[in-house]
Amino acid sequence: MQEIKGYDRSIQELLSGGSYGIDYYQREYKWGRKQLQELVDDLTGRFLDSYQPGDAAKEVAHYGHYFLGSIVVSQNDDVRHIVDGQQRMTSISILLIYLNNLQKGRDQQVSIQSMIYADDFGEKKFKMDVPERNDCMEALFNETHLNTDDMSESVRNLVARYQDLGELFPDNLQGDALPLFIYWLMRKVKLIEIIAYADEDAYTIFETMNDRGLSLTPTDMLKGYLLANIDNAEKRLEADKRIKQYLGKFAEHGKETDSDFFKAWLRSQYAQKIRERKKDAKPEDFDLIGTEYHRWVRNHASELGLHEGSDFHQFVMRDFQFYAGLYLRLLNASKTRTKGLESVRYNADAGFTLQHHVTLASVSPEDDSHTATAKMGVVADFLDSWLNLRFWNYKSNSYSTMSYAVFLVIRSIRGKSLAEVRTILHDQLKKDMGEIDFSRPVHLNQFTSKAIHRQLARFTDWLEQQSGVPGKYEDYIVRSGKNAYEVEHIWANHYDRFANVFDQQGDFDRTRNQIGGLLLLPKKINASLSDLSYAEKLPHYLKSNALAQSLHNAFYEKNPGFHQAFQKHGLKFKPLEEFGPTEMDKRSKLYSKLAALIWSPERLLDEDAA
């Protein structure tokens, strides 16, 4: 084995040198939204531990560090290939591109382009230099659209994760704190770069780090602790079987589902405090459960009522079994709309990872099945309304932004009756709507595209259900593949057709992207209509879904269900022979009223509300 060296590197040090390659046999970039969210939450949370509003940039030198792990690099002459760590390094690269674009137009900008690419004789050479991904990185850097059809899995994931950053990066870091966060990310986030000068040595290191031994997980350690304290051998065996039964079911839903369950259950029922967002604040129950729930249970056994063997047995056979069963129901409802729990699917599609923490908080082992379902349904409806209300007002729903507010909701509904849960959450939503509402139409951009797609899917599905026909939300929400639906602009991208109305291209673009000028259409149909005028598109809209059909006069003929729906709710739907700026404005206001109706606080008091 040749010489192997390890170096403590900052992000700036790692990426300010040459580029990194990835060998052809390396796996695709596979990170999902969850992994990216965990990275963003960890980084922003650690930064906020040190940051104080009003800090000058030089104060960052005294902020705390964050260790991001290690990467293994094989270096041969001037070529560096990442053997282990490409998922993290690729994610850091797209985060840097996002931050670089977020800075645009600001007076104070931190120079980070040299960590994204190098000038290679007048051409960009990205620091993560993977030929098949370079067009994608270029498009992300320039904020231009990239058609990912027929692209590799890595490219599709890169685009999807970059779009996720628009939702995941917290609002409170997009103002004065942004340059300080960038400085902190560059200088205070550290990795260990392990460099081997022969490929075989690099892979030996990789295998040694990843394959030797089977480390116990927090779930393994919690299980061992609970069983060890059940002194009756027969009851211990019974509890062991019950735990294994549910852990097996969790495994069917994914590798980390057991960990996600314990965090959600323990936080929902027992967390009394959460770390304050201020310098030098210490982690509290909510935070500790999120990082070391096995240790937290052991350290708080008496507060959980765990004193003797019978207590531990009951904790498994009653509490664990009850909440594990509910969690499995919520997981299934996250994938398939379930009567009474429809909003669980909607919130899952919105990527709200704290949903189950709040939903479980409303339920106690004394609740019968009907009451438990009703409680969870009300909480899910509240979250659905809350998240969409925030989105319409361009407020982030990221973990770091929402965790404290979610914790307060958890405490407010824990141990309450169904009637109390309804009232508490209704009043909370009414209070929030006293400050923000649905009156301002949202616009489509690269960061709102996923959320806008969900809005249109909900509008279309709701109109169909109100009209007495089955809604097709599950179809409309699909964004990729041959059965995908895409956002359709009613106005084609032809500024020249509106040059007599708009003085500048930018004014046209902004108006064109108002939600009132958008529909959902099947991918193939959308592509075929893209350049047509409104008059040419209208007959095709009649063959589509209810939201598109509502533009055509023929849809209003012999359609009593639709008439009854929009008249009942005071929605001013009407056919439009033309679609100019006036119609765009009216249609956007109509969508706003539709949003206010679907996500009304009153749905929380209506036992029959879906």
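Biologist: Which helices do the buried residues of H13 pack against?

Modeller: This is a predicted model; local features need pLDDT of at least 70, side-chain atom pairs count only at pLDDT 80 or more, and totals for chains, interfaces and linings use all residues. Residues are numbered from 1 along each chain as its sequence is written, and side-chain values use heavy atoms, with hydrogens and water left out. Helices are DSSP runs of H or I, at least four residues, numbered from the N terminus. The buried residues of H13 pack (contact means heavy atoms within 4.5 Å) against H12 (309-335), H14, H15, H18 and H19 (473-476).

Biologist: How many of the 8 residues of H13 are buried?

Modeller: Buried means under 20% relative accessible area, exposed over 50%, partly exposed in between, with a 1.4 Å probe and protein chains only. Glu342, Ser343, Val344, Arg345, Tyr346 and Asn347 are the buried residues of H13. Helix H13 spans 342-349 and is largely enclosed by the rest of the structure, because the buried count is 6.

Biologist: Which side chain makes a polar contact with the side chain of Gln37?

Modeller: Gln37 counts as buried because its relative accessibility is 4%. Beyond residues up to four places away in sequence, Gln37 touches Leu168, Gly351, Thr353 and Tyr399. A polar contact is a pair of N or O atoms within 3.5 Å; within protein, one must be able to donate a hydrogen and the other to accept it, and residues adjacent in sequence count only if both atoms are side-chain atoms. At 3.3 Å, the partner of the Gln37 side chain is that of Thr353.

Biologist: At roughly what angle do the axes of H15 and H18 cross?

Modeller: Axes are lines fitted to C-alpha atoms, for helices over the stretch in contact, and angles run from 0 to 180 degrees between N-to-C directions. The axes of H15 (369-392) and H18 (449-466) come within 11 Å and cross at roughly 125 degrees.

Biologist: Is H15 parallel or oblique to H18?

Modeller: Under 35 degrees counts as roughly parallel, over 145 as roughly antiparallel, 65 to 115 as roughly perpendicular and the rest as oblique. The contact uses Asp384, Asn388, Phe391 and Trp392 of H15, with Ala451, Ile452, Gln455, Arg458 and Phe459 of H18. With the axes at roughly 125 degrees, H15 runs to H18 at an angle classed as oblique.

Biologist: Which backbone oxygen does the side chain of Arg587 reach?

Modeller: Arg587 lies in helix H25 (581-598). Its relative accessibility is 3%, so Arg587 counts as buried. The Arg587 side chain also makes a polar contact with the side chain of Ser550, at 3.2 Å. The backbone oxygen reached, at 2.8 Å, is that of Leu547.

Biologist: What distance separates the C-alpha atoms of Trp31 and Gln87?

Modeller: Trp31 sits in the loop between H1 (11-15) and H2. Trp31 is buried because its relative accessibility is 16%. Trp31 touches residues including Gln87, Arg88 and Asn157. Trp31 and Gln87 are 56 residues apart along the chain, yet their C-alpha separation is 6.6 Å.

Biologist: Which helix has the lowest mean pLDDT among the elements of the chain?

Modeller: pLDDT is the predictor's confidence in each residue, from 0 to 100. The chain averages 90, and 94% of the residues score at least 70. Where pLDDT is low, the predicted coordinates should not be read in detail. Helix H14 (355-361) has the highest mean, 98, and the lowest, 60, belongs to helix H7 (199-211).

Notes
Helix = DSSP H or I, 4+ residues; strand = E, 2+ residues; numbered from the N terminus.
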